[in-house]
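Biologist: I want to learn how to read a model like this one. Where do we start?

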Amino acid sequence: MVFGWVMGPAGELAPDPAGFGGRLAALFAGWVATVALSVVQVGAVTYATVRHLHGERASLGQMLGVGFRRGLPVVATGFLLWLAFVLGFVLFVVPGVLVMVATCLAIPAAVVERPGVVGAIRRSLDLTRGSRWPLFAAGLVIMMVVWVLAAIVQVAATVAASALLPAQQAMAGTLVASQLGNALLSGIPAVAIAVAYHDLRVDREGVDTAELARAFE
């Protein structure tokens, strides 16, 4: 929505130059908010997944509380992983994929164990060792499912907006609906990664699910 506002109303060739600086500032603020809330989401979903596997339910307030309290180490870990991904993909695609799979459990480790940024990455390297091909295959399937569902949401949003809204508002309606759908779908990979973290810890380290749940107390 912020991006659409920055670009100007539909049919306008260019946004008003006088207010363009303010619009760019709003766009940057929107990007920062998106990153921050994405971090909160990862922590919240990890917490809720562990509680669910323990046979309990987490309220929305509890999820958000964990997400905000443990957001800073997740931000730092995510930023370092992002740099590693970029470097790997710049050099060759395959190293980037290998880095992504090997470090995919760093975020849950940062949320649950709080070992620090480097410690979280080391934990992921240890936990994924010997299981990276299955993790890669599972991740590929999940990405394909999310892409298909996102495409369905996009098409449905476009059709509905075109049928229900005036032409000038149809694009904005499509954008809002598709972004809401994508926001819901973005939780699927986070849940999958949290489950993989849980299962590998239980299988390899004999950790009880209750012990993982107590890490949030």
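Modeller: With the term helix. A helix here is a DSSP run of H or I, at least four residues long, numbered from the N terminus. Helix α8 covers residues 132-164, and both Trp133 and Phe136 lie in it. They sit 3 residues apart, about one turn of the helix. Keep in mind that this is a predicted model.

Biologist: How many aromatic pairs does a search of the whole structure find?

Modeller: The search finds 1. Trp133 and Phe136 form it, with ring centres 5.9 Å apart. Planes over 60 degrees apart count as edge-to-face. Here the planes stand at 90 degrees, so the pair is edge-to-face.

Biologist: Is Trp133 buried or exposed?

Modeller: The cut-offs come first: buried is under 20% relative accessible area, exposed is over 50%, and partly exposed is in between. Trp133 has 69%, so it is exposed. Phe136 has 31%, so it counts as partly exposed.

Biologist: Now the whole chain. What does the secondary structure come to?

Modeller: It comes to 11 helices and 0 strands. The protein has 217 residues, and 33% of them count as buried. Its accessible surface is about 12900 Å², with 74% belonging to carbon and sulfur atoms.

Biologist: How many of the contacts join residues at least 24 apart?

Modeller: Take the contacts between residues at least 6 apart in sequence: 62% of them join residues at least 24 apart.

Biologist: Which residues of α7 are buried?

Modeller: Gly119, Ala120, Ile121, Arg123, Ser124, Leu127 and Thr128. After α7 comes Gly130, with a positive phi near 90 degrees.

Biologist: Where is the place of Arg201?

Modeller: Arg201 is in helix α10, residues 187-205. Its relative accessibility is 11%, so Arg201 counts as buried.

Biologist: Which side chain does a polar contact join to that of Arg201?

Modeller: That of Tyr197, at 3.0 Å.

Biologist: What else is Arg201 in contact with, leaving aside neighbours within four places in sequence?

Modeller: Val112, Glu113, Arg123, Leu127, Gly206, Val207 and Leu212. Arg123 and Leu127 are among the buried residues of α7.

Conventions:
Residues are numbered from 1 along each chain as its sequence is written. This is a predicted model: local features need pLDDT of at least 70, side-chain atom pairs count only at pLDDT 80 or more; totals for chains, interfaces and linings use all residues. Side-chain values use heavy atoms; hydrogens and water are left out. Buried means under 20% relative accessible area, exposed over 50%, partly exposed in between (1.4 Å probe, protein chains only). Helices (H or I, at least four residues) and strands (E, at least two) are DSSP runs, numbered from the N terminus. Contact means heavy atoms within 4.5 Å. Accessible areas come from the Shrake-Rupley method with a 1.4 Å probe; for residues, only the protein chains shown count as cover. A polar contact is a pair of N or O atoms within 3.5 Å; within protein, one must be able to donate a hydrogen and the other to accept it, and residues adjacent in sequence count only if both atoms are side-chain atoms. Rings of Phe, Tyr and Trp (its six-membered ring) pair if their centres lie within 6.5 Å; planes under 30 degrees apart count as stacked, over 60 as edge-to-face and the rest as tilted.
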